[in-house]
Amino acid sequence: MIHPSAIIHPGARLGANVTIGPYSIIGEHVEIGDNTVVGPHVVISGRTRIGCDNRIFQFCSLGEVPQDKKYSGEPTCLEIGDRNTIREFCTFNLGTAQDVGITRVGDDNWIMAYVHIAHDCQVGKHTVFANNAQLAGHVHVDDWAILGGYTGVHQFCRIGAHAMTAVGTVVLQDIPPFVMAAGNTASPFGINAEGLKRRGFSADALLVLKRAYRTVYKSGLMLEEARSRLEQEVIAHPEIRPLVDFLAVSKRGIIR
């Protein structure tokens, strides 16, 4: 259903059974997939592609130009996948020519009110962003990560798969997969054992991940030494492969 007060550019492409609420504005280059519901007073602009079965609540701004002084009107994009919940007052910006030119949000994410996802961020699947979580530009958030309310992430940081932050966490360096973090600035507090149990990780897998955490954070080894030791254990314990790969590509260093 398209509410009569909504303003939809003739060039916009809407799939089957799309709902657009009162006073929402849909721009010329926007694509919205089947069964997506856009609430009232939502503005979707720019080259924005949204998948199927999403629920976008009122007062969101999606696909607006980046908050980056270097941006000069390049035809960059925002891509949002399927089955996402995007609550009130969220802002997702387009990418920039200085990066891949696309801000991406994957599938099945639960994004609460007042979340900001800046230019060129890459967000995976099944993440949870609590209220007021904020990503600066070029941040990567891997699958199943959970950001607590008022978490702030510095530009170019990476949050690993299954990681979790506490409320008010300030992230200035990368958070490895499986790790819980808290504080200003963020410090590690063990692995996200409860979350991993809920996602089907076995007791043996949790034990392996706890040992890997101790290798990285408690052994006294330099980071590259710890990574090399874990690399030798991957064949016997493939659960730690995401951690080893993450450490190999981390550019800002990991939280300590």
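Strand S7 (residues 43-44) runs parallel to strand S10 (residues 61-64), and 2 bridges join them. Strands here are DSSP runs of E with at least two residues, helices are runs of H or I with at least four, and both are numbered from the N terminus. Two strands count as paired if DSSP finds at least two bridges between them. In this pair, Val43 sits opposite Ser61 of S10. The model is predicted, so to speak of local features a pLDDT of at least 70 is needed, and side-chain atom pairs count only at pLDDT 80 or more, while totals for chains, interfaces and linings use all residues. Residues are numbered from 1 along each chain as its sequence is written, and side-chain values use heavy atoms, with hydrogens and water left out.

Now for the sheets. In general, strands of a sheet pair through backbone hydrogen bonds, either parallel or antiparallel. S7 and S10 belong to an open sheet of 9 strands, with parallel pairing and the order S1-S4-S7-S10-S13-S16-S19-S22-S25. Its edges are strand S1 (7-8) and strand S25 (170-171), each of which pairs on one side only. Another open sheet has 8 strands, again with parallel pairing, in the order S2-S5-S8-S11-S14-S17-S20-S23. Strand S2 (13-14) and strand S23 (158-159) stand at its edges with a single partner strand each, so one side of each is left without a neighbour in the sheet. Inside this sheet, strand S11 (residues 77-80) and strand S14 (residues 102-105) pair in the parallel sense over 4 bridges, with Cys77 opposite Ile102 of S14.

Two loops have backbone details to look at. Asn35 is not a glycine, yet it has a positive phi of about 65 degrees; Asn35 is placed in the loop between strand S5 (31-32) and strand S6 (37-38). Further along, the peptide bond from Asn184 to Thr185 is cis, with omega near 5 degrees, and Thr185 is found in the loop between strand S26 (179-182) and strand S27 (187-191).

Next come the helices. Helix H3 (residues 223-233) packs with helix H4 (residues 241-249) at an angle of about 145 degrees, their axes 10 Å apart. The axes are lines fitted to C-alpha atoms over the stretch in contact, and angles run from 0 to 180 degrees between N-to-C directions. On the H3 side, Leu223, Arg227, Leu230 and Glu231 meet Arg241, Leu243, Val244, Leu247 and Ala248 in H4, where contact means heavy atoms within 4.5 Å. These contact residues divide into 6 nonpolar, no polar and 3 charged. Nonpolar covers Ala, Val, Leu, Ile, Met, Phe, Trp, Tyr, Cys and Pro, charged covers Asp, Glu, Lys and Arg, and the others, Gly among them, are polar.

On a 1 Å grid over the protein atoms alone, a cavity is a set of points where a 1.4 Å probe fits but cannot get out, whereas a pocket is an open set with protein on both sides within 12 Å along at least five of seven lines; lining residues have an atom within 4 Å of a point. Grid points are joined across faces, edges and corners, and a volume is the space filled by probe spheres set on the points. The structure holds 1 cavity of 30 Å³ or more, and the largest cavity has a volume of about 50 Å³. Its lining has 10 nonpolar residues, no polar and no charged, and helix H2 (residues 203-217) gives the most to it, with 4 residues. Leu243 is one of the lining residues, and Leu243 is also among the H4 residues that meet H3. The largest pocket holds about 260 Å³ of space.
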